[in-house]
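Hi,

Here is the structure I said I would pass on.

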Amino acid sequence: MPTLIGAAMIAAAILLSTLINALGSRYAGFESPTEESAWLVDRLTGTVYKCSAPQPGRASCEAEIATGSVGDRPKR
């Protein structure tokens, strides 16, 4: 019985650490050619946000609808 309790504690710790890691790296950011805007991708929902900061300070982000797909690699 103590073995099962220990195994359950280890499993719970692994699941909790995975959840914390997923929430901590939820967003991926990409810079645009201009310094005034950037793109954020929500990895959990797939939503794409276009963020702009024309002045120093807090940026404003709006959800953008992204359509299409990544094309196939060109054949050599």
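Below is what I found, going from the whole chain to single residues.

A word on the ground rules: this is a predicted model, so I kept local features only at pLDDT of at least 70 and side-chain atom pairs only at pLDDT 80 or more, while totals for chains, interfaces and linings use all residues. Residues are numbered from 1 along each chain as its sequence is written, and side-chain values use heavy atoms, with hydrogens and water left out.

The overall picture

Helices (H or I, at least four residues) and strands (E, at least two) are DSSP runs, numbered from the N terminus. Of the 76 residues, 8% count as buried; buried is under 20% relative accessible area, exposed is over 50%, and partly exposed is in between (1.4 Å probe, protein chains only). The accessible surface comes to about 7000 Å², and 60% of that belongs to carbon and sulfur atoms. Those areas are from the Shrake-Rupley method with a 1.4 Å probe, and for residues only the protein chains shown count as cover. Among contacts with a separation of 6 or more, 2% are between residues 24 or more positions apart, a contact being heavy atoms within 4.5 Å.

The sheet

The four strands make an open antiparallel sheet in the order S1-S2-S3-S4. Strand S1 (27–31) and S4 are at the edges with a single partner strand each, so one side of each has no neighbour in the sheet. On average, neighbouring strands are turned by 25° against each other, direction ignored; the axes are lines fitted to C-alpha atoms, for helices over the stretch in contact, and angles run from 0 to 180 degrees between N-to-C directions. I call two strands paired if DSSP finds at least two bridges between them.

Going across the sheet:
- S1 and S2 are antiparallel and joined by five bridges, with Ala28 partnered by Val41 in S2.
- S2 and S3 also run antiparallel with five bridges, and Leu40 has Tyr49 in S3 as its bridge partner.
- S3 and S4 (residues 60–64) pair in the antiparallel sense over five bridges, where Ser52 stands opposite Ser60 in S4.

The S2–S3 hairpin has five residues between its strands, and Gly46 there takes a positive phi near 85°.

A surface patch

Leu44 is in the loop between S2 (37–42) and S3 (48–52), and counts as exposed at 53% relative accessibility. Together with Leu16, Leu19, Ile20 and Leu23, Leu44 forms a nonpolar surface patch of about 510 Å² accessible area. Patches take residues with over 30% relative accessible area and no salt bridge, joining like charges within 9 Å and nonpolar side chains (Val, Leu, Ile, Met, Phe, Trp, Tyr) within 5 Å. A salt bridge here is a side-chain nitrogen of Lys or Arg within 4 Å of a carboxyl oxygen of Asp or Glu.

Glu64 and Trp39

What does Glu64 touch, not counting residues up to four places away in sequence? The list is Trp39, Val48 and Lys50. Glu64 lies in S4 and is partly exposed at 33%. Its C-alpha is 5.6 Å from that of Val48, 16 residues away in sequence. Trp39 sits in S2 and is partly exposed too, at 30%.

Cheers
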